[in-house]
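My notes follow, in the order I looked things up.

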Amino acid sequence: YRGVTDNSGIVDQIQLPAIPALYSQSPETAADSGTNYRVAIRHPSFEEQSDVQATIFDQIQTILPVMLRPRIQ
């Protein structure tokens, strides 16, 4: 999956497969109710960040805060 942010750094409307929300309702499966993804963030003016972990949940919008360091030219 790929996306390009807007001027605010938001990628909107990417829908990723996630473990069904029903898993969070049971004590036996609640610990496994999130789906983990690895994210890479790239911009030509900043140092790349790769292998950033994001855990998402079914039917929940996720915010992944990322701080980018300016690339030294």
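Predicted model: local features only at pLDDT ≥ 70, side-chain atom pairs only at ≥ 80, totals over all residues.

**Surface patch**

I began with the outside and found that Tyr 1, Val 11 and Ile 14 make a nonpolar patch on the surface, together showing about 320 Å² of accessible area. My patch rule takes residues with over 30% relative accessible area and no salt bridge, joining nonpolar side chains (Val, Leu, Ile, Met, Phe, Trp, Tyr) within 5 Å and like charges within 9 Å. Areas are Shrake-Rupley with a 1.4 Å probe, and for residues only the protein chains shown count as cover.

Residues are numbered from 1 along each chain as its sequence is written, and side-chain values use heavy atoms, with hydrogens and water left out.

Is Tyr 1 buried or exposed? Tyr 1 counts as exposed because its relative accessibility is 70% (buried is under 20%, exposed over 50%, partly exposed in between, with a 1.4 Å probe and protein chains only). Tyr 1 sits in the segment before strand 1, which covers 35-43.

**Overall build**

I then looked up the secondary structure: two strands and zero helices. These are DSSP runs numbered from the N terminus (helices are H or I with at least four residues, strands E with at least two). The radius of gyration is 15 Å, well over the 11 Å the globule rule gives for 73 residues, so the protein is more spread out than a compact globule. That radius is taken over C-alpha atoms, and the rule is 2.2 Å times the number of residues to the power 0.38.

The C-alpha trace spans about 50 × 20 × 15 Å along its principal axes. Buried residues are 8% of the 73. The protein exposes about 6,500 Å², with carbon and sulfur atoms supplying 51% of that. Of the contacts with a separation of 6 or more, 23% are between residues 24 or more positions apart (contact means heavy atoms within 4.5 Å).

**Salt bridges**

How many salt bridges are there? I get two, taking a side-chain nitrogen of Lys or Arg within 4 Å of a carboxyl oxygen of Asp or Glu. Side chains of opposite charge can pair when their charged atoms come close.

One joins Asp 51 to Arg 38 at 3.5 Å, N to O. This pair links distant parts of the chain, with Asp 51 in strand 2 (residues 46-56) and Arg 38 in strand 1, 13 residues apart. Asp 51 is exposed at 53% relative accessible area, and Arg 38 is exposed at 53%.

Glu 48 and Arg 42 also meet in a salt bridge, 3.5 Å from N to O. Here Glu 48 is partly exposed at 42%, whereas Arg 42 is exposed at 58%.

**Two buried residues**

Ser 33 is in the segment before strand 1 and is buried, at 11% relative accessible area. What does Ser 33 touch, leaving aside its neighbours within four places in sequence? I listed Ile 19, Tyr 23, Ser 24 and Phe 57.

Thr 35 lies in strand 1 and is buried at 16%. A polar atom of the Thr 35 side chain lies 2.8 Å from the backbone nitrogen of Ile 19. Beyond neighbours within four places in sequence, Thr 35 is in contact with Pro 17, Ala 18, Ile 19, Ala 54, Thr 55 and Ile 56.

Notes: Polar contact = N/O pair within 3.5 Å; in protein donor to acceptor, adjacent residues only side chain to side chain.
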